[in-house]
Amino acid sequence: MDAPSTPANGGGIPASCATAPPSSLGSRWQPLAYQERAHRPEGSAAQPSADAALVRRTLAEIEPVADKVTSYFYALLFLRDPDLRALFPAAMDVQRDRLFKALLTAARHADDVPVLTTYLSELGRGHRKYGTVAAHYPAVGEALLGALARYATQTWDATAEAAWARLYTTVSQIMIDAAAADERTSPPWWQAEIVAHEPRNHDIAVITVRPDAPYPYRAGQHASVETPWWPRVWRHYSFACAPRSDGLLTFHVRAVPAGWVSGALVHRARPGDVVRLGPPAGSMVADHSTDDGMLCLGGGTGIAPIKALVEDVAQHGRSRPVEVFYGARHDDDLYDLDTLLRLQKVHRWLSVRPVVSDGPTLGLSGRLPQVVRKYGPWTAYEAFLSGPPGMVRSGVDALLGIGIPPHRIRHDSLDELLASAGAP
Ligand SMILES: NC(=O)C1=CN([C@@H]2O[C@H](COP(=O)(O)OP(=O)(O)OC[C@H]3O[C@@H](n4cnc5c(N)ncnc54)[C@H](O)[C@@H]3O)[C@@H](O)[C@H]2O)C=CC1
C-alpha cells in the first residue's frame, strides 16, 4: 500500500491533527507536533522535520532486512496479543507484510500531512472489515518499536524511539478517528451476491454483484473483495461501471498465476455465491467541474475503471473530449473492446484506440506510453492511468515528459498495484 500520488484532499489539516488530541492509546504514545510543522515557511518543505529525519534514518537501515523485520514484528505481535492472530488469514505469507508495509509507508510520508491523512483515513476505514478496533493499536505499536529496536542497531536510541512513538501515535490516531467517523455512516463490509458471471476468455471473467445494502462509490475507485474460499484474504478490484440505478457493481477479473482470489473468482465462482466487499477506496476520480479533456490509458484489465470513468462522464451529461488508449498484448486480449466501441458510437466526445504490444494487429502497434506520445498535444488534458505497475510507471514518466503537470495525472497507488499483481 502506498499513499495516493494524487491526493484527493487538496490540503489543509484535519481537525484531529491540527488540535493534536491527547493520545487515547496510553501515556507512551504522544502524537507528532503537527501544528508547528504545518506552519513552516514556504520553501522549507524540502527540509524534513527532526522526527522525519530520525524515522528515515531507521528506515534506511532496516530496508535491506525488511523481511526479517516483518517476521519479527508479527512474532512479537502475536506473542503479545495472541487474539490478534484471528484477524489475519490462515496463510500469513500471503499478506504477511501488508500491515508492516503500511506502517513504513506512513513513516515515509511523515511530513506530508495531507497525503498522510488521506492515506491513513482510507486505511483506517478499510481496517474495519478485518475487525480491527482501537484497543488493538497499542500492541501493534509495541511490536513495531520492538522490531525496529532489534534490527536498526546503528540508528536506534532513545531519540529515535521517541520519534517513532510519536509517529505511530499520529498514525494510529488518524486511523482510529477515520474508523470511528465511518462507523456512523457505513457498515464495516458489505455482502454481495454474484448475479452474473461472464467468462470473456480462458482467464478473464466479468463479474456482476448485488450488494446487500446501498454501496456508495465513485467511478475510478476500487474495492477489496474476499471470497468464501479464502477467508480473510482480500484483493482489490476496480469498479468497471459507474454507479447504477439498480445498485449492481461489475468487476473485471483476470486469474493470475497462483492467484488465490482471482483464480477462485474466475474459475470457481458462480451466480448465487456471496462475496464480501470492503469500502470503496482510491482517488482516480474525474473532476466534473471542468470541461478539460480526459486522456485515459487502460492496460489489460486496467480498462475496467477507465470504462467506469467513461460512463461517469456520460452520466454527468457534459461533452468533454475523452480519449481512451486501450492496451493489450495481443488482439484477442482486448476482451472489452466491443463494449468500448459501442460506447464510442453513442458518444461523439469519446474516442477509443486499441493498442497491441506483442503481436500482429490491424490497430495500433506498440506499448501504450510510446503510442500515446505520438498523439496529442495533451498538455491541457487530465490523465488517468490504470493497468500493470510497469505500464503505470512508464506511462506517468511519458506523460510528465510531454508536459502534463503531475497534479493532472491520476492513478492508483503503485505499491497497492504491485501487491495485487504479485501476491497470490
Ligand atoms: N486501477 C488500476 O490501476 C487497475 C489495475 N489493474 C492491474 O492491471 C494489470 C492488468 O494485467 P494484465 O491484464 O495481465 O495486463 P498485461 O500484462 O496483459 O498488459 C496490459 C498492457 O500493458 C502493457 N504493459 C505491460 N507492462 C508494461 C510496461 N512495463 N511498460 C509499458 N507497458 C506495459 C502491455 O503492453 C499491454 O498493452 C494487473 O496488474 C492489475 O492489477 C487492473 C485493474 C485496475
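## Close-up views of a predicted model

**View 1. Glu193 meets strand E6.** In E6, Val274 is the bridge partner of Glu193. Strand E1 (residues 190-199) and strand E6 (residues 274-277) run antiparallel and are joined by four bridges. What you see here is a predicted model, in which local features need pLDDT of at least 70 and side-chain atom pairs count only at pLDDT 80 or more, while totals for chains, interfaces and linings use all residues. Residues are numbered from 1 along each chain as its sequence is written. Helices (H or I, at least four residues) and strands (E, at least two) are DSSP runs, numbered from the N terminus. Two strands count as paired if DSSP finds at least two bridges between them.

View 2. To find your way along the pair, look for Glu198 opposite Val206 in E2, and for Ala196 opposite Thr208 in E2.

**View 3. The whole antiparallel sheet.** In what order do the six strands of this open sheet lie? The order is E4-E3-E6-E1-E2-E5, with antiparallel pairing. Strand E4 (234-238) and strand E5 (249-254) are the edge strands, and each pairs on one side only. On average, neighbouring strands of the sheet are turned by 40° against each other, direction ignored; such angles compare axes, which are lines fitted to C-alpha atoms (for helices over the stretch in contact), and run from 0 to 180 degrees between N-to-C directions. At one end, strand E3 (residues 222-226) pairs with E4 in the antiparallel sense over five bridges, and Ala223 has Tyr237 in E4 as its bridge partner. E2 and E5 also run antiparallel, joined by six bridges, and Val253 in E5 is the bridge partner of Ala205. The unreviewed UniProt entry carries the annotation "domain: FAD-binding FR-type" for residues 187-287; annotations of this kind may be inferred rather than shown by experiment. Over residues 187-287 the chain is 9% helix and 38% strand.

**View 4. Helix H10 under cover.** Which residues of helix H10 (residues 260-268) are buried? They are Val261, Ser262, Gly263, Ala264, Leu265 and Val266. A residue is called buried if 20 or more other C-beta atoms lie within 10 Å of its own, exposed if 12 or fewer, and partly exposed in between, with C-beta atoms placed from the backbone. The cover over the buried residues of H10 includes strand E2 (204-211), E3, E4 and E5.

**View 5. The largest nonpolar core.** A nonpolar core is a set of buried Ala, Val, Leu, Ile, Met, Phe, Trp, Tyr and Cys residues joined through C-beta atoms within 7 Å. The largest one has 67 residues, of which Cys296, Leu309 and Val324 touch the most other members. Helix H11 (residues 303-316) gives the largest share, seven residues. Why does this core lie between domain 2 (190-277) and domain 3 (294-422)? Both domains give residues to it, so it lies between them; the domain bounds come from an automatic or database domain assignment. Leaving aside neighbours within four places in sequence, Cys296 is in contact with Ile306, Leu309, Val322, Glu323, Val324 and Phe384. Contact here means that the C-beta atoms of two residues, placed from the backbone, lie within 7 Å.

View 6. Three bridges link strand E11 (residues 382-386) with E12 in the parallel sense, and Leu385 stands opposite His411 in E12.

**View 7. The loop with His136.** Where is His136? His136 lies in the loop between helix H7 (113-127) and helix H8 (137-151). This residue is partly exposed, because 19 other C-beta atoms lie within 10 Å. A distance of 47 Å separates the C-alpha atoms of His136 and Glu323, which are 187 residues apart along the chain.
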